[in-house]
Amino acid sequence: MWFQQGLSFFPSALVICSSASLVFPYVIGVLLHHVDLLVPYISDAGAMPPERCLFGIMLCFASLLGIATIYVRYKQVSALNPEEPKMLRLNKAGLVLGIVSSSGICIVANFQKNAVYSVHIFGAFLTFGIGVSYILVQTIISYKMQPQIHGKDIFWIRFTILLWCTVSMASMAISTFILLRLSGIDSLWRQHWNPQEKGYTVHIIATVSEWSLAFTFLSFFLTFIRDFQKISLHMETKLFGPNLYHIPEQLLEDDQGILITGSI
C-alpha cells in the first residue's frame with residue numbers, strides 16, 4: 001500500500017488524525033445541540049464535554065505526529081543538501097517553526113476556548129500563524145530544490161497552498177475584527193447564532209475562513225507523502241553485556257558490545 005512505503009505513514013496519519021479531531025467533535029456537538037449545524041468556530045465544537053475530551057486527546061496525538069513529520073522532513077532536506085549553507089539555515093529555521101507550530105496544537109487542545117481564552121488564542125496563533133511561516137519556509141526550500149531534486153509541480157502545489165492559507169487567514173482576521181465592531185466581544189463566546197442577528201453574515205465568513213485555513217493547512221502535509229516514500233528508518237541498539245545491571249569493566253573500557261540492528 002502507498003502509505004506503507006518508506007515513512008509516508010507519518011504525514012498520512014497526521015492529516016487523518018488532525019482532520020478527525022476537527023470533524024468528530026463537530027458531529028457530536030451538533031447531535032447534542034451544543035453548536036449550530038451551520039459552520040461554528042472550530043473551538044466551539046471542542047468546548048463542551050464529551051466532545052471536548054475527544055478534541056483534546058486527538059489533537060495532542062496529532063501534535064506528536066506533527067513533530068515527527070517535521071523532524072523527518074528536516075533530516076531529509078539536510079541529507080539532500082549537505083553542502084549548501086543557505087539551504088541548511090532555512091532548513092533549521094523550518095524545524096524550529098514546525099516544532100513551535102506543533103506545540104501550539106497541544107496548547108489549543110488543553111486550554112479550551114471557554115476555559116482560558118487568552119491561552120487558547122495564543123495556541124491558535126502558534127499553530128496557524130507560525131504554521132503558515134513554516135509552509136513559507138518549506139515552499140522556499142522546494143523552489144531552491146527544483147529541478148535537480150524534484151520537479152516544478154510540487155513547488156507550485158505548495159505555493160498555491162501557501163497562498164490559500166494566507167488568504168484564509170486574512171479573511172478570518174478581517175471578518176473577526178468587523179464582527180467585534182458590530183456585536184462586541186461577547187460574540188466570540190456565543191455558541192448559538194440566529195440568522196436574523198446583527199453580525200451573523202460576518203460571523204459565517206469568519207468561521208468558513210477558519211475551517212478553510214485549517215484544512216488547507218493540513219493539506220500541505222499531504223505533499224510530503226511522495227517524498228517520504230523514499231525514506232527508510234534504521235535503528236541500532238548496542239548492549240554492553242548479557243546483563244542489564246552488571247556490565248563487565250572490560251566492555252566499558254573497550255566500548256564494545258553486542259550490536260542489534262533493525263530497519264522499519
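The lining of the largest cavity in this predicted model divides into eight nonpolar, five polar and no charged residues. Ala, Val, Leu, Ile, Met, Phe, Trp, Tyr, Cys and Pro count as nonpolar; Asp, Glu, Lys and Arg count as charged; the others, Gly among them, are polar. A cavity is a set of points, on a 1 Å grid over the protein atoms alone, where a 1.4 Å probe fits but cannot get out, and lining residues have an atom within 4 Å of a point. The search of the whole structure finds one cavity of 30 Å³ or more. The largest cavity has a volume of about 90 Å³. Of its 13 lining residues, the closest to the centre are Ser 101, Ser 102, Ile 105, Phe 217 and Phe 221. A volume here is the space filled by probe spheres set on the grid points, which are joined across faces, edges and corners.

Helices α3, α4 (85-110), α5 (117-145) and α7 (200-222) each supply at least two residues of this cavity lining. Helix α4 gives the most, with four residues. Helices (H or I, at least four residues) and strands (E, at least two) are DSSP runs, numbered from the N terminus.

Residues are numbered from 1 along each chain as its sequence is written, and side-chain values use heavy atoms, with hydrogens and water left out. Local features need pLDDT of at least 70 and side-chain atom pairs count only at pLDDT 80 or more, while totals for chains, interfaces and linings use all residues.

The protein chain has nine helices and two strands. From the N terminus on, the elements run α-α-α-α-α-α-α-α-β-α-β. Of the 264 residues in the chain, 44% are buried. Buried means under 20% relative accessible area, exposed over 50%, and partly exposed in between (1.4 Å probe, protein chains only). Contacts (heavy atoms within 4.5 Å) were also sorted by sequence distance. Among those between residues at least 6 apart in sequence, 70% join residues at least 24 apart.

An unreviewed UniProt entry lists residues 12-34, 54-72, 93-111, 117-143, 155-180 and 200-225 under "transmembrane region". Its positions are given in the numbering used here, feature names are shortened, and annotations may be inferred rather than shown by experiment. Two of these spans were examined in the model. Residues 54-72 are 100% helix and 0% strand, and their end C-alpha atoms lie 27 Å apart. Residues 93-111 are 95% helix and 0% strand, with end C-alpha atoms 27 Å apart.

The largest nonpolar core has 40 residues. Such a core is a set of buried Ala, Val, Leu, Ile, Met, Phe, Trp, Tyr and Cys residues joined through side-chain atoms within 4.5 Å. Leu 22, Cys 165 and Phe 221 have the most contacts inside the largest core. At least two of its residues come from each of α1 (9-31), α2 (42-45), α3, α4, α5, α6 (152-183) and α7. Beyond residues up to four places away in sequence, Leu 22 touches Ile 42, Phe 55, Trp 211, Ala 214, Phe 215 and Leu 218. A second, separate core of eight residues includes Leu 188, Trp 193, Val 202 and Ala 206.

Thr 69 sits in helix α3 (residues 51-80). Thr 69 counts as buried because its relative accessible area is 0%. Leaving aside neighbours within four places in sequence, Thr 69 is in contact with Phe 10, Pro 11, Leu 14, Phe 221, Phe 224 and Phe 228. Gly 94 is found in helix α4. Gly 94 has 0% relative accessibility, so this residue also counts as buried. With the neighbours within four places set aside, Gly 94 is in contact with Ile 70, Tyr 134 and Val 137. The C-alpha atoms of Gly 94 and Gln 138 are separated by 6.8 Å, although the two residues are 44 apart along the chain.

The largest pocket holds about 710 Å³ of space. A pocket is an open set of grid points with protein on both sides within 12 Å along at least five of seven lines. Its lining has 28 residues, and Ser 43, Ala 124, Phe 128, Met 172 and Glu 210 are the closest to its centre. Helix α5 makes the largest share of this lining, eight residues. By class, the lining has 19 nonpolar, seven polar and two charged residues.
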